[in-house]
Amino acid sequence: MLPALPVLAEIPATVPAGIAVGFLAAFLQSCSYLVSARYVRLSGRPAWTLLPPSYLLMAPAAAAVVAATLPLAQGAIPWRAAFAPAFWSMACCVVANATMIQMLRSVDASLASPMLGLKVPMLAAFYTFALARPCTALQWAAVGLVLAATAALAFAGRRLGRAGWGWLLATCAGFSLSDWLIGETFAAVEPAFPSFAPRAIFSLGYIYLVCAGAAAFAMPFCPPLPRAGWLRWAAPYAAVWFVAMAALYACFALCGIVLGNIVQNTRGLLSIALGWLVARAGRTDLEERVSRAVLARRVAAAALLLAAVALYALGGR
């Protein structure tokens, strides 16, 4: 999610394809939350232990993406200049994913996913007070809508509790900083990739290649994962998450960051729908059964959050 960044490229002819890929990214992100919830609820292992092996498994795909985009470079690639923002973006994303997975121990994905819209107030505060880039009136209106929708979600089913709110805020803060640093990575590699589409795709591969390197360094300090665990836990999460990110960056490349960000945030509604289906299938260990009234309240609040994200993104153009 990169709502406060300028639109670097929008190619109208590719917008329908970008929207379709964006919906795929949102759907796969929603699936990744269920996969990670299954890990922490059934494996009995700490939440963070899913990440090093999963990111290590993403290395071949990330290397393939970098190799595929290298021939498109129109100048020397500034590896060193891009390393710092890529590394810190990765670090913030890893922390955010770890806290998200920890939150999913007690909070259903159908509730946690739409509440990630709290990134909007955090980004507004960050850009206003840290970067001295004041938000517009439309963006502050969007912040108000996010807070109202989040308050409605807080009373739509299982309560978060004090620890849940802490994990949620930490997740949103991590993803917000990661989003900003992704933009800094884009800017760092711009001399080699003046065209936005290859720049976005190269940045995806480079960031996750750096991430895989960090995961390899962390593996000796991680509790050993049995061979069966690699197939049961790490491989599904790695596959779903990386394909989701590839689809998201492709969406940005095809239809621009603003529209791509709006489409991506349909994941809240998709997570609610998936949670309803999972609960109806009898997997109440992953999703609680809720009444129609609670379900309707969640859908309405998630739709309001989506409208708020759209308003925030468009207000920053």
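Biologist: At roughly what angle do the axes of helix α4 and helix α8 cross?

Modeller: This is a predicted model, in which local features need pLDDT of at least 70 and side-chain atom pairs count only at pLDDT 80 or more, while totals for chains, interfaces and linings use all residues. Residues are numbered from 1 along each chain as its sequence is written, and side-chain values use heavy atoms, with hydrogens and water left out. Helices are DSSP runs (H or I, at least four residues) numbered from the N terminus, and axes are lines fitted to C-alpha atoms over the stretch in contact (heavy atoms within 4.5 Å), with angles from 0 to 180 degrees between N-to-C directions. The axes of α4 (residues 79-103) and α8 (residues 161-189) come within 7 Å, and they cross at roughly 160°.

Biologist: Is α10 roughly antiparallel or oblique to α11?

Modeller: Angles under 35 degrees count as roughly parallel, over 145 as roughly antiparallel, 65 to 115 as roughly perpendicular and the rest as oblique. The crossing of α4 and α8 therefore makes that pair roughly antiparallel. The axes of α10 and α11 (residues 257-264) cross at roughly 140°, so α10 is to α11 oblique.

Key. Helix = DSSP H or I, 4+ residues; strand = E, 2+ residues; numbered from the N terminus.
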